[in-house]
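Before reading on, please take a moment to look over the sequence and the model, and then follow the chain slowly from one end to the other.

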Amino acid sequence: QVQLVESGGGLVQAGGSLRLSCAASGRTFSRYNMGWFRQAPGQEREFVAAIHWGTGSAYYADSVKGRFTISRDNAKNTVYLQMNSLEPEDTAVYYCAATVRWNGVGSPTTYDYWGQGTQVTVSS
């Protein structure tokens, strides 16, 4: 069982940066693949990035590739999303999630555990 809590959201101007954190409970965190999703008002939940539990390989949505970086610190039971060159289109609630399955990490249906979300607002 994994419990996830996101933090680090806020208001930032276009072109700025934020780093989101997702703190996980339990001693088995390192065995889970971790993902970030976002959901804007009136929109479906959208994949952002994922990181493999063993290799550290990362997978990004085309919309954020080159701007966002996902990382994890297993000793701290924490996954991060560094967001640079933010645009108003990045405005959304950002969620972290955990899954034992690597195949299908781009789909929210793959994930077993979800955080409560943190709001990111990018002003122009």
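In what order do the elements of the protein run, from the N terminus on? In this predicted model, they run β-β-β-β-β-β-β-β-β-β-β, and the count for the protein is accordingly given as eleven strands and zero helices.

We can now turn to the way strands come together. Strands of a sheet pair through backbone hydrogen bonds, and they may do this in either a parallel or an antiparallel manner. In this protein, four strands form an open sheet with the order β1-β3-β8-β7, and their pairing is antiparallel. Its edge strands are β1, which covers residues 4–7, and β7, which covers 68–73, each of them pairing on one side only. On average, neighbouring strands of this sheet are turned by 15° against each other, if direction is ignored.

Finally, consider the protein as a whole. A compact globule with 124 residues would have a radius of gyration near 14 Å, and because the protein has 13 Å, the two values agree. Along the principal axes, the C-alpha atoms fill a box of roughly 40 × 25 × 25 Å, and 44% of the 124 residues are buried. Of the contacts between residues at least 6 apart in sequence, 58% join residues that are at least 24 apart. The accessible surface comes to about 6,300 Å², and 46% of this belongs to carbon and sulfur atoms.

Methods: Residues are numbered from 1 along each chain as its sequence is written. This is a predicted model: local features need pLDDT of at least 70, side-chain atom pairs count only at pLDDT 80 or more; totals for chains, interfaces and linings use all residues. Side-chain values use heavy atoms; hydrogens and water are left out. Two strands pair if DSSP finds at least two bridges between them. Helices (H or I, at least four residues) and strands (E, at least two) are DSSP runs, numbered from the N terminus. Axes are lines fitted to C-alpha atoms, for helices over the stretch in contact, and angles run from 0 to 180 degrees between N-to-C directions. The radius of gyration is taken over C-alpha atoms; the globule rule is 2.2 Å times the number of residues to the power 0.38. Buried means under 20% relative accessible area, exposed over 50%, partly exposed in between (1.4 Å probe, protein chains only). Contact means heavy atoms within 4.5 Å. Accessible areas come from the Shrake-Rupley method with a 1.4 Å probe; for residues, only the protein chains shown count as cover.
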